[in-house]
Every structure is written in C-alpha cells, then in structure tokens.
Amino acid sequence: MAPENTAEKVRRGLEALRTRLGVAASASKGLAARAPGRVNLIGEHTDYNDGFVFPMAIDREIVLVGQRREDEVVRLYSLDYDQESQFTLSRVEKDPQAPWSDYVRGVVDVLQKAGYRLGGFDAVITGDVPQGSGLSSSAALEVAAITLLDGLFGLGIEPPEKARLGQRAENEFVGVACGIMDQFISAAGKAGHGLFLDCRTLAYEHVPLHLEDARVVVVNTNKRRGLVDSEYNARRRECEEGAAFFAARIPGVKALRDVTMEQFAAYESELPEPIRRRSRHVVSECQRVLDSVEALKAGDLERFGQLMNQSHISLRDDFEVSCRELDVIVEIAWKTPGVYGARMTGAGFGGCAVALVHKDQVEALSAAIRETYPEETGLTPDIYVFSAVDGASVLAVESEGSA
Ligand code: ADP
Ligand code: MG
C-alpha cells in the first residue's frame, strides 16, 4: 500500500459511491472524513498501568465518503476489499462475511447506545494504513467512521469522546481488548506534534517534535506473532501484583504509575522476580515519558533519542517483550550515524520498531536494514518514513463530478 493523498482517496470514494452503491453524492448531504494511524514514540506497556504514552498520528489514513439516506439502512462499501455490507440501524450485528465492516457496525452500535440519533447512510471506505502491522488501522477506521457520522448527523462529538466511543466499539462490539491510546491519537493528533496522554485522566498535551531535521522511521519486522496474547495477559497480571505490593506499603498508590523511582528503589529488594523487573520497567518508562516531554520542549532531540534507547533496553531486559527481530533492527539503528534513538514500539514479540533519524541519514539507515535484517532473520522488512499529522477531520465534498 503506497501512500495516496487525501484528495485522491476522496475522489475514489466519491466515484465508488456512484459506481458501487449507485449514489450521486450531493454537496448538501454528502461528506468525507479522514482519520490517521499512529506510532507510539515512547511509553510502552504503561497504558494499563494508568501511565503515560506519547504517540504521534502518521500520514497514513482511512477515508470514508458518505451520504445520508432517508431510511434506516446502512450500506458500506470497502474499496480495499471490493465488497459491500449492509444492515439496518435497528439491528446491528457482526458480518462474518465482511469483518472489516464490524468496525463501522460497532461504531454505529455504540453511538446509538450512547444516545446519539443516527439515520441511515451510504459510505465508501478506503485507506492506506498498513493493516495488522501495529499502526492501528482499526482505530483509524473507527475514528474516521465516528467523524463521518458526527458530520453527517451533526452530533457534536469532541475528540476525546470520539476516542472513548471508538475504543468501546473495538472492545465491546469487535471484541478486541485495546487501550485508549490508538483512538485518542487518531482523534486528537496535531501536525508536527506528539501527544502526551495521561491514560488515567485522559488529560493530554500536544508537544512539538522539532522534526525539521529529523525523520520518524518505522520498520515492520514482518514476524508472525505467536505469544503475544498469553504474554500480554501475563504482563498485565505481573503489573497488578507489582501495583498491589506498592499499594500495601505506600499510601495513595493505586497503580504502578503512582510509584516514583525513589520509592521503587527503596522497596525493590523486597520484590520477588520477575515482578521487580516488570515494575521497574513501568515505573522507569513513565518517568521516561515525562523526561521526553521535557526534552522535546527544550528542542533536545539527542536527549529524546537516549530515552528511546533506554526504553528499548528496559522493554527487552526488564519487561521481556522484545524479540530477536526487533533487537536486530534496533541494534542496526543504534550503529547508524545520525540516529538519535531507536526502540521497539507496540506490544512487542514482533510488530514494528521506531527510530528517530537525521533526515540526511534516512537512506543509510534504510539500506543498512535492508541489507542486514534479511541475513540475520530470513525476513523482509517494510520501512516507512512518517510525518506527524493532524488527527481526524471532516472534508467537504463537491457535487459529484466536480471533486
Ligand atoms: P491494526 O489495527 O494493527 O492495523 P487490526 O487487526 O486491529 O490491525 O485491524 C485491522 C483490520 O481493520 C483489518 O483486518 C480490517 O478489518 C480493518 N481495516 C483496516 N484498514 C481497512 C481499510 N482500508 N478498509 C477496510 N477495512 C480496514
Ligand atoms: Mg488494531
């Protein structure tokens, strides 16, 4: 999937609305909406510890082009799956023939359950967020759908609420237990900025990334992930044990996010392994997010890069969620001149690594990874250079034919 600009996606969506669903879009009833995928720059496995994350929205997006109907019918057409799926508002169920439609069905379901009044609509979906690669095409699809419906039916939903509704659609309807980060950054991202998010309070702040001379490079290991669910659940349990240990000793502690580095140091000798190392990762990672925000506000990319490196070491050695493939990519990046920092990103055991690189060294890094990674792993990487873009937005559509 090569990146394609937004206007081109809207144009193709409008065309498909006409040719696939037989709808001539009108400027008065039709609308388009877009929402981006994301990469988490730092703050890994902190979300379910009530901690901090720091993602940015990437220049890969899902676009929906839609139009209101006079009845209760919803007709969806996926350009990328070349398939239609239809349902009515009074009966929203999954479609096992078209699982891609479940994300939009889920959004319709949670919006209605939350009391928003919808009407029927026709919509075409297209996008270029790599799917199933850990760049959150699912959150982009949910947030784009909410943004489209918000615009079509004048619902007045603010970005944080879009995020909560998108997460609910994925948790309760699709049945995937994800945190709030992906939907939040897709809804509330800001061009040129990372999003500092407190996963407990959902307080957030846009922090400038100073990417003038730097680029965010994301490398997909393309490793088949096996262990991820069972290991993820094990880490969550271990973190709960760690939190319970500190809660019993320090007033006011509810989650590992509440434990400071000093408090951790004071008690760590009493903690059994692996709870000690798991807790150390979360406590130190939360601090690294705070330090990253400070560093970036000061324009200090070198410092931010060091924090990314420390994050990787902590995820590898203390949290034990890295894998050889991720380590190989990160170590190539660490050896490449002009790389500020590099780390695994996402849940781990595969998925992607992210590096912050001087713009003049992107080619050298890509070449080094393309050469060494297949030799070491037998796998072929995908390499992306992303910029930080705005979160979801609505786009007016011209009358059909003039767009
Ligand atoms: P990730 O969110 O990491 O990309 P998921 O498995 O959570 O991976 O979500 C991917 C799913 O989202 C796809 O299998 C598909 O059902 C849906 N999806 C993503 N992008 C599109 C698209 N462009 N068109 C239709 N469905 C999409
Ligand atoms: Mg997903």
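A: Of the 403 residues of the protein, 58% count as buried, where buried means under 20% relative accessible area, exposed over 50% and partly exposed in between, with a 1.4 Å probe and protein chains only. The model is predicted, so local features need pLDDT of at least 70 and side-chain atom pairs count only at pLDDT 80 or more, while totals for chains, interfaces and linings use all residues. Residues are numbered from 1 along each chain as its sequence is written, chains are lettered from A and ligands numbered from 1 in the order in which they are written, and side-chain values use heavy atoms, with hydrogens and water left out.

The protein holds eleven helices and twelve strands; these are DSSP runs numbered from the N terminus, helices being H or I of at least four residues and strands E of at least two. Its radius of gyration is 22 Å, close to the 22 Å that the globule rule gives for 403 residues, so the protein is as compact as a globular protein of that length. That radius is taken over C-alpha atoms, and the rule is 2.2 Å times the number of residues to the power 0.38. The C-alpha trace spans about 65 × 50 × 40 Å along the principal axes. Among contacts (heavy atoms within 4.5 Å) between residues at least 6 apart in sequence, 71% join residues at least 24 apart.

Now the backbone. Most residues other than glycine have a negative phi, and most peptide bonds are trans. Against that background, the peptide bond from E273 to P274 is cis, with omega near 5 degrees. P274 sits in the loop that runs between α7 (261-267) and α8 (275-297).

Two residues can be named for positive phi. In D82, which is not a glycine, phi is near 50 degrees; this residue belongs to the loop between β3 (73-78) and β4 (83-88). S136, also not a glycine, has a positive phi of about 65 degrees.

S136 is buried, at a relative accessible area of 9%. S138 lies in helix α3 and also counts as buried, at 17% relative accessibility. Apart from neighbours within four places in sequence, S138 is in contact with Y103 and E170.
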